[in-house]
Amino acid sequence: MHKLGRGHRDKVQQFMTITGASEKLALQALKASDWHLEGAFDFFYGQQSHIKSYTNTTHLEELYKRYKDPYTDMILADGITLLCNDLQVDPQDIVMLVVSWHMKASTMCEYSKEEFFTGLQALGIDSLEKFRERIPFMRSELKDEQKFREIYNFAFGWAKEKGQKSLALDTAIGMWQLLFAEKQWPLVDHWCQFLQARHNKAISRDTWSQLLEFARVS
């Protein structure tokens with residue numbers, strides 16, 4: 001990187017900080033976009049989302065067995081806690097929501113075998129080492145506005161109780177604080193305090209969706 005001019009070096013550093021990409025990938029994306037950061041992000045996310053890495057199903061099966069509940073063919077809360085320990089990620093870390101989004105998980109704190117396999121295959125993961133390597137990429141996806149919107153909308157169905165149409169207020173507040181800490185919406189605490197004092201009812205999907213639009217323009 002010492003051969004680059006200062007402006008280019010700064011862009012490489014900025015790109016690496018935001019995406020978690022290696023220097024090699026940062027250079028590749030920036031050169032492909034003629035050193036425009038926005039174009040480089042588009043290039044990088046496009047490349048990442050089209051990864052067709054070969055995944056070894058035997059290795060995936062071994063991973064699944066490590067986390068599977070002993071009494072049912074699913075990964076439940078204890079298995080997810082073990083997975084987080086192995087990944088050296090806090091179970092409350094927002095990146096675990098991104099993992100669940102990739103798996104298209106229907107419910108918080110559980111993965112079916114199909115969800116686990118499909119999600120990891122799409123990410124090109126068949127080992128813990130590869131899983132750890134993909135964490136910075138998944139974290140960087142939250143900075144992509146379109147992906148953040150998809151993850152935000154996914155979170156409503158994922159976090160609500162099975163069979164319920166609405167999201168319990170306490171759960172909604174917890175999810176908003178998690179999501180908007182990432183998006184840095186300054187009014188999130190005021191909004192949550194207002195709901196606890198005045199609303200005190202479950203949150204509908206409409207309210208959930210509309211808040212993102214409100215946060216975007218306020």
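This note sets out points on a predicted model, covering salt bridges, a pocket and selected helices.

1. Salt bridges in general. Side chains of opposite charge can pair when their charged atoms come close. In the present model the count of salt bridges comes to eight.

2. A salt bridge joins lysine 113 to glutamate 61, with 2.9 Å between the closest N and O atoms. This pair links distant parts of the chain, since its partners are 52 residues apart. Lysine 113 belongs to helix H7 (residues 113-123), whereas glutamate 61 belongs to helix H4 (residues 57-67). Lysine 113 has a relative accessible area of 28% and is partly exposed. Glutamate 61 is likewise partly exposed, at 24% relative accessibility.

3. The pair Asp126 and Lys130. Here too the side chains meet in a salt bridge, at 3.1 Å from N to O. Which of these two partners is buried, and which partly exposed? Aspartate 126 has a relative accessible area of 7% and is therefore buried, the limit being under 20%. Lysine 130, with a relative accessible area of 29%, is partly exposed.

4. The pair Glu213 and Arg216. Glutamate 213 and arginine 216 form a salt bridge through their side chains, again described by its N to O separation, which is 3.1 Å. Both residues lie in helix H12 (residues 205-217); because they are three residues apart there, about one helical turn separates them. Glutamate 213 is partly exposed, with a relative accessible area of 33%, and arginine 216 is partly exposed at 47%. The pair also belongs to a network: salt bridges with shared partners join Arg149, Glu213 and Arg216.

5. The largest pocket. Its volume is about 370 Å³. The lining is made up of 16 residues, and those closest to the centre are Pro91, Gln92, Met108, Cys109 and Trp158. Helix H5 (77-87), helix H6 (95-103) and helix H10 (169-183) are the elements that each give two or more residues to this lining.

6. What kinds of residue line the largest pocket? The lining divides into 12 nonpolar residues, three polar and one charged. Two domains take part, for domain 2 (57-143) and domain 3 (145-217) each supply at least three residues to the lining of this pocket.

7. The two faces of helix H11. Helix H11 spans residues 188-199, and its buried residues are Val188, Cys192 and Leu195. These three cover an arc of only 60 degrees around the axis, so they lie on the same side of H11. Where do the exposed residues His190, Ala197 and Arg198 sit? They are carried on the face of H11 turned away from its buried side.

8. Leucine 30 and a contact along the chain. Leucine 30 is part of helix H2 (residues 23-32). Its relative accessibility is 0%, so leucine 30 counts as buried. How far apart in space are leucine 30 and alanine 40, C-alpha to C-alpha? The separation is 4.9 Å, although the two residues are 10 residues apart in sequence.

Methods:
Residues are numbered from 1 along each chain as its sequence is written. This is a predicted model: local features need pLDDT of at least 70, side-chain atom pairs count only at pLDDT 80 or more; totals for chains, interfaces and linings use all residues. Side-chain values use heavy atoms; hydrogens and water are left out. A salt bridge is a side-chain nitrogen of Lys or Arg within 4 Å of a carboxyl oxygen of Asp or Glu. Helices (H or I, at least four residues) and strands (E, at least two) are DSSP runs, numbered from the N terminus. Buried means under 20% relative accessible area, exposed over 50%, partly exposed in between (1.4 Å probe, protein chains only). On a 1 Å grid over the protein atoms alone, a cavity is a set of points where a 1.4 Å probe fits but cannot get out, and a pocket is an open set with protein on both sides within 12 Å along at least five of seven lines; lining residues have an atom within 4 Å of a point. Grid points are joined across faces, edges and corners, and a volume is the space filled by probe spheres set on the points. Ala, Val, Leu, Ile, Met, Phe, Trp, Tyr, Cys and Pro count as nonpolar, Asp, Glu, Lys and Arg as charged, and the others, Gly among them, as polar. Domain bounds come from an automatic or database domain assignment. The arc is that of the directions from the helix axis to the C-beta atoms.
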